[in-house]
Amino acid sequence: MMVLVWCAASGGGVAAAPPLVGGGGAVGTPKAPLQTSRPFNIAHRGSNGELPEETAAAYMRAIDEGADFIEADVTATKDGHLVCFHDTTLDATTDVADHPEFASRRRTLEVQWTNVTGFFITDFTLAELKTLRSKQRYAFRDRSYNGGESSRIITFDEFIDIAAGAASRVVGIYPEIKNPVFVNRQVRWRDGKKFEDKFVAALKRRGYGGRYRSPAWAARPVFIQSFAPTSLVYAAGLTDSPMVLLVDDTTVRTEDTSQSYDEVTSDEHLDYMREYVVGVGPWKDTDPYAEYDYWINDVGVDGLFTDFPASLRRYQEWTTAGRKG
């Protein structure tokens, strides 16, 4: 599955693109800036087509493969720590079922208007989550990396450390405020703050801030994304970092309103949301190389989410070489 992102504050014409490179380089040397001459290569949950999603290994591989941004779903633990994990339950991508000490944690809760049964991440402390190992979501992908030491669930801070540790160039982050309605119901912070407050505070603590394409943003590039429009409106009051509204299938109801995505993407609603977001990221599912061509060359988007950042990197190199010829 790949996701498109369109940014309203797009740059001008197409410039000659420098070679795409990974994250290696001598520590202490000046970092090359984030490239802005071609659509951003956004590693969806890291290089998760090759390695278990949202793990340190997947993110480091994505940087080595030339990703401009690494993307993460940010949620919260029972004891209030922010971690990178996609699902509300641990069942599909961890070995939680192999831990008899957690067998009693399995239960049913409502998530986005549907009853879901499983081991909910919000029922586990950070220390407990660190005892689990991640695995590939899909059986048709390489499962030889399942359960390795680098497949632990990582915190939001550890995710930021990986991006900041790219020695030769600036690598941006693309974190999602994941399931905010559910998280705010299940997790309570002692200071009374909301999930969105903690999310933005974590970014500010690490120096992220500034409007899109500003010098501050370019030094530490970030896009904040969510499927929940009211969550983005709230977060926009806490930071000037750029926001992106994610859009599911048009028939799906948003988690935080009584409206479908068909309704929230009407001209009226988008006119309202443009005061808070710089772009829209619709869900899609098509053949990778066919969609690279369509979205980059026909539509002219500003970035693409991909499970395989190396393949997008190769496509951009091939097509750039072809244009030069």
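Helix α1 crosses helix α3 in a right-handed sense, meaning that the near helix is turned clockwise from the far one by less than a right angle. The model is predicted: local features need pLDDT of at least 70, side-chain atom pairs count only at pLDDT 80 or more, and totals for chains, interfaces and linings use all residues. Numbering starts from 1 along each chain as its sequence is written, and side-chain values use heavy atoms, without hydrogens and water.

**The α1/α3 pair**
- α1 spans residues 56–64 and α3 residues 156–164; helices are DSSP runs of H or I, at least four residues.
- Their axes, lines fitted to C-alpha atoms over the stretch in contact, are 10 Å apart at an angle of about 20°.
- That makes the two helices roughly parallel, because angles under 35 degrees count as such.
- Ala-56, Tyr-59, Met-60 and Ile-63 of α1 contact Phe-159, Ile-162 and Ala-163 of α3 (contact: heavy atoms within 4.5 Å).
- By class, this contact holds seven nonpolar residues, no polar ones and no charged ones; Ala, Tyr, Met, Ile and Phe are among the nonpolar types.

**Glu-65**
- Glu-65 sits in the loop between α1 and β3 (69–76).
- Glu-65 counts as buried because its relative accessibility is 11%, and buried means under 20% relative accessible area with a 1.4 Å probe, protein chains only.
- Beyond residues up to four places away in sequence, Glu-65 touches Ser-47, Glu-50, Pro-309, Ala-310 and Arg-313.
- The C-alpha atoms of Glu-65 and Arg-314 are 9.4 Å apart, across 249 residues of chain.

**Whole chain**
- Of 325 residues, 53% count as buried.
- Among contacts with a separation of 6 or more, 70% join residues 24 or more positions apart.

Note on methods: Buried means under 20% relative accessible area, exposed over 50%, partly exposed in between (1.4 Å probe, protein chains only). Axes are lines fitted to C-alpha atoms, for helices over the stretch in contact, and angles run from 0 to 180 degrees between N-to-C directions. Angles under 35 degrees count as roughly parallel, over 145 as roughly antiparallel, 65 to 115 as roughly perpendicular and the rest as oblique.
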